[in-house]
Amino acid sequence: MTSQSKPIELYYWPTPNGWKISIMLEELGVPYEIRYVNIGAGEQFEPDFLKISPNNRMPAIIDPEGPDGEPISVFESGAILQYLGRKFGKLYPSDERARVEVDQWLFWQMGGLGPMAGQAHHFRQYAPEKIEYGINRYTNEVNRLYGVMNKRLADRDFLAGEYSIADIACIGWVKPYKNQGQDLEDFPNLKRWFETMMARPAVAKGIEIGQEHRKNIADDKEAQKVLFNQRAS
């Protein structure tokens, strides 16, 4: 397994996407340093950050000991998880069949669970007008996705069999299930998985990092202006 002497720089804010990487780094037990990116204050648009994250989104990392010993920056949480898993040989199998199993559920989260849960949060909590169609559309879709996870977990402990980056990617998006209008009692296998995940010390610590900075933006109109309704610049 690869060692790491210089700390990885994690550009982070305590959100479900940020938690993916703080949890992963805690699980790996490698040195890292937090670089907070206050997304409510617009720090994700600063020129220095855009050099490593051209999509104006955290998380991102700079690994000073990248390929061939040279620094590398990586943006997009799924890509970061894969990079770290490959580099350190942990939580991302090298066997191709097993890796495909993990990739399927990682991309399922990236393309489904995360975006749909995010829209449920938006229409249920942040939209200035309560639009019944939007609330129902995304609440129901999250419910469907929870059902997919529940069925998947009926005969295995984790999404890809062994604990992996797929589980790390998903846990942060299931944690705020109440804000998504869901009840884990309706999904017993998912509930068991959720409790198992939350009991892992690295998961608990990864989620706890930066909580003192986290604010409820439901009533913060200035933060909402920064976060929502952005257009190309």
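This is a predicted model: local features need pLDDT of at least 70, side-chain atom pairs count only at pLDDT 80 or more; totals for chains, interfaces and linings use all residues.
**Entry 1: I61 and its contacts**

Setting aside neighbours within four places in sequence, I found I61 in contact with I8, E9, L10, I21, I72, S73, V74, I80, Y83 and L84.

I then asked which core I61 belongs to. I61 is listed among the residues with the most contacts inside the largest nonpolar core, together with L84, L113, Y146, M149 and W193. That core has 59 residues.

Strand 1 and helices 1, 3, 4, 5, 6, 7 and 8 each supply at least two residues. Helix 4 gives the most, with nine residues. I also noted a second, separate core of eight residues, W13, V37, I52 and A60 among them. As background, nonpolar side chains in soluble globular proteins tend to be buried together.

**Entry 2: E9 and R35**

The side chains of E9 and R35 form a salt bridge, at 4.0 Å from N to O. E9 lies in strand 1 (residues 8-12) and R35 in strand 2 (residues 32-36), so the pair ties together parts 26 residues apart in sequence.

Are the two residues buried or partly exposed? R35 counts as partly exposed because its relative accessibility is 29%. E9, at 22%, is also partly exposed.

**Entry 3: E27 and R200**

I turned to E27, which forms a salt bridge with R200; their closest N and O atoms are 2.8 Å apart. E27 sits in helix 1 (residues 16-28), while R200 is in the loop between helix 7 (188-198) and helix 8 (201-208). The two are 173 residues apart, and I recorded the pair as a link between distant parts of the chain.

E27 has a relative accessible area of 12% and is therefore buried. R200, at 26%, counts as partly exposed.

**Entry 4: E101 and R152**

I checked E101 and R152, whose side chains meet in a salt bridge at 2.5 Å, N to O. E101 is in helix 4 (residues 96-126) and R152 in helix 5 (residues 132-152), 51 residues apart. E101 is partly exposed at 25% relative accessible area, whereas R152 is buried at 15%.

Methods: Residues are numbered from 1 along each chain as its sequence is written. Side-chain values use heavy atoms; hydrogens and water are left out. Helices (H or I, at least four residues) and strands (E, at least two) are DSSP runs, numbered from the N terminus. Buried means under 20% relative accessible area, exposed over 50%, partly exposed in between (1.4 Å probe, protein chains only). A nonpolar core is a set of buried Ala, Val, Leu, Ile, Met, Phe, Trp, Tyr and Cys residues joined through side-chain atoms within 4.5 Å. Contact means heavy atoms within 4.5 Å.
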